[in-house]
Amino acid sequence: MVACLKDRELKLKKQLEKIKAQREFLRRSETRNSLPVIAVVGYTNCGKTTLIKSLTNDGRLQPEDKLFATLDVTLHPGFLPSKQKVLFIDTVGFISDVPTALIQSFRSTLEEINIADLVIHIRDISHPDTEAQKETVLRTLQELNLPIKLLESIVEVRNKIDLLQDKKPSEDTDAVDISATEGTGLPTLLETVEQKLFENTGHEVTLIRVPNGGQEYSWLLREAAIRDAIADPKDANFLILEIVIASGSLAKFKHNFGDLTVSIESLQE
């Protein structure tokens, strides 16, 4: 039995070291640098992978009900209600008593959370020790020395409400009740995530009038999320675009092409 445990510990060490190398690759990734990143964290078997699969329709994800089922720090693309593309990080599940020999390696796999733009903390609300698990996750996040902005904007998600006999909404108005397997509450969750993500990253929704098929439109296709596009009722050679864009990117656009933003009032005149 002792030999089996030591073999398991050695295997975990090797896997955790591999993740450290993967993390450095993800930090340098051009895709990572160009899109907002959302880290999904939680106690082991809380439903992280199931949630990400439900939000991204990524068929490669196969949730497993076992300790350390997720040991790869992986990125999965998805979309917010505004059509803004984002990347979800699936992290290793937290546990309360990490073996001493694994503590440093385990913590190092979670450092990727530091470069996220938002954190989703998903809980198994049906678990009898759900409150203790919540405290473990929050304490670990505090120990990772995350930026204050990330700690103060964590989106708490109460998962597996379908397993509760009493399915009343959470008394904590800041938490979002969902069932990742049944899809319950996911639209509300995405709206909440989008709002907090935009606050953290400085993204905004704005209207821009651009020539139809011009270089301005091509630039925005690359650098922004286009929510809607209609022909300008006053001149069909122009488009009115409703876009989601980072404040820095909007400043670059204005520098390159001038201020082409318009207001709803001006369109109604």
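**Notebook: a predicted protein chain**

I began with V244 and found it in strand β9 (residues 235–246); a strand here is a DSSP run of E with at least two residues, a helix one of H or I with at least four, and both are numbered from the N terminus. The model is predicted, so local features need pLDDT of at least 70 and side-chain atom pairs count only at pLDDT 80 or more, while totals for chains, interfaces and linings use all residues. Residues are numbered from 1 along each chain as its sequence is written, and side-chain values use heavy atoms, with hydrogens and water left out.

**Entry on V244.** Is V244 buried or exposed? V244 counts as buried because its relative accessibility is 0%; buried means under 20% relative accessible area, exposed over 50% and partly exposed in between, with a 1.4 Å probe and protein chains only. I then listed its contacts (heavy atoms within 4.5 Å). Neighbours within four places in sequence aside, V244 touches S82, Q84, F198, H203, E204, V205, A224, A225 and R227. A225 lies 19 residues from V244 in sequence, and their C-alpha atoms are 5.1 Å apart.

**Entry on the whole chain.** I noted ten helices and ten strands. Of the 269 residues, 46% are buried. Among contacts with a separation of 6 or more, 65% join residues 24 or more positions apart.

**Entry on the sheet.** I traced an open sheet of six strands with mixed pairing, in the order β2-β3-β1-β4-β5-β6; two strands pair if DSSP finds at least two bridges between them. Its edge strands, β2 (74–79) and β6 (176–177), each pair on one side only. Strand β5 (residues 155–159) runs parallel to β6 over two bridges, and R158 stands opposite D177 in β6.

**Entry on the cores.** Which residues have the most contacts inside the largest nonpolar core? They are I38, L51, F88, I120, I178, L189 and V193, in a core of 25 residues. Such a core is a set of buried Ala, Val, Leu, Ile, Met, Phe, Trp, Tyr and Cys residues joined through side-chain atoms within 4.5 Å. At least two residues each come from β1, α3 (48–56), β3 (85–90), β4, β5 and α7 (186–201). Helix α7 gives the largest share, six residues. Apart from this core lies another, of 21 residues, including Y43, L75, L110 and I113.
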